[in-house]
Amino acid sequence: MRPPPLLDVRDLRRNFGSFAAVDGVTLSVQPGEVTALIGANGAGKTTFYNLISGRLRPTGGSIFYRGRDITGTPPHSITRMGIARSFQITNIFDQLRVIENVQVALVIRQGKGTRWWRRAARDEDLRLQAGELLERLGLSGLAMARAGTLSHGDKRLVELAIVLATDPQLVLLDEPTAGMTPEETHAVVDLIARLAETGPQTFFLTEHDMDVVFGLARRVFVMHRGRLLAEGSPDEIRANPEVRNAYLGEEVY
Ligand SMILES: Nc1ncnc2c1ncn2[C@@H]1O[C@H](COP(=O)(O)OP(=O)(O)O)[C@@H](O)[C@H]1O
Ligand SMILES: [Mg+2]
């Protein structure tokens with residue numbers, strides 16, 4: 001028997017004016033199962049994530065997290081419940097070292113707020129915790145680098161460390177490999193795969209590039225013009241002619 005879903009989304013909708021960016025999507029994410037939402041640019045993936053993370057209010061439908069209805073819950077409450085969404089890279093403090101960025105994230109998790117970061121930087125415990133997290137992610141080599149000097153790919157890895165510092169159960173990653181070189185993409189995919197295997201987080205990511213997720217996700221949902229077009233294992237999705245047509249018919253970057 002399958003365990004109850006971690007995330008259960010039913011008939012979710014979001015209109016912008018008369019345009020339905022998310023048009024009745026029903027899907028669920030099982031605990032411990034890397035899940036991907038793929039679709040061409042403009043399919044509605046980011047809007048869907050904005051609905052789950054509480055940044056946007058749905059026009060209709062409902063969202064259940066661990067059996068609890070969280071539809072319309074504000075973003076900070078959703079974060080506290082254990083759903084983390086990748087921050088934009090602009091939320092990394094460029095002038096701080098990587099390890100200090102992680103320390104700030106740890107402080108925020110403890111509810112002290114960002115203005116305490118100076119004190120945080122001197123806190124030995126936090127320093128140790130941040131060091132351990134970076135080590136777990138294989139990023140110890142970056143710990144002392146100023147975040148502003150990192151490559152785009154390394155910044156995204158640090159972003160992942162910052163997300164994990166909040167100790168989430170469900171991690172939403174919106175196109176985690178966007179703008180990356182093939183090597184950087186490989187590094188991120190590798191890291192997510194390793195983290196997913198060791199737990200305890202469940203990863204739910206979006207991608208416009210199908211190939212990126214096929215080695216990573218166990219379950220794939222395909223979104224097309226606001227609707228779900230298909231769902232299945234990577235093999236099933238790869239073999240699905242409708243999915244192929246949808247992708248060929250759209251501009252894929
Ligand atoms: N705030 C908004 N106002 C109006 N239209 C929007 C807004 N956000 C997204 N859209 C539109 O919704 C559609 C889906 O966008 P988005 O969710 O960003 O797709 P994806 O992330 O799959 O590329 C696009 O046509 C986009 O232009
Ligand atoms: Mg998007």
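Trainee: Which residue forms a salt bridge with R85, and how far apart are the closest N and O atoms?

Mentor: The partner of R85 is D174, with the closest N and O atoms 3.6 Å apart. Keep in mind that this is a predicted model.

Trainee: Why is that pair called a salt bridge?

Mentor: A side-chain nitrogen of Arg must lie within 4 Å of a carboxyl oxygen of Asp. For R85 and D174 the value is 3.6 Å, so the pair counts as a salt bridge.

Trainee: What parts does the pair tie together?

Mentor: R85 lies in strand β6 and D174 in strand β7, so parts 89 residues apart in sequence are joined.

Trainee: Why is R85 called buried?

Mentor: Buried means under 20% relative accessible area. R85 has 12%, so the word applies. D174, at 14%, is buried too.

Trainee: How do you know whether D23 and R13 are buried, partly exposed or exposed?

Mentor: Their side chains meet in a salt bridge at 3.2 Å, N to O. D23 has 18% relative accessibility, so D23 counts as buried. R13 has 32%, which falls between 20% and 50%, so R13 is partly exposed. Both residues also belong to a network of salt bridges with D11 and R227.

Trainee: What makes D235 exposed?

Mentor: Exposed means over 50%. D235 has 55%, so D235 passes that cut-off. R238, its salt-bridge partner at 3.0 Å, has 39% and is partly exposed.

Trainee: Where do D235 and R238 lie, and how are they separated?

Mentor: They sit in helix α9, 3 residues apart, which means a separation of about one helical turn.

Technical notes:
Residues are numbered from 1 along each chain as its sequence is written. Chains are lettered from A and ligands numbered from 1 in the order in which they are written. This is a predicted model: local features need pLDDT of at least 70, side-chain atom pairs count only at pLDDT 80 or more; totals for chains, interfaces and linings use all residues. Side-chain values use heavy atoms; hydrogens and water are left out. Buried means under 20% relative accessible area, exposed over 50%, partly exposed in between (1.4 Å probe, protein chains only). Helices (H or I, at least four residues) and strands (E, at least two) are DSSP runs, numbered from the N terminus.
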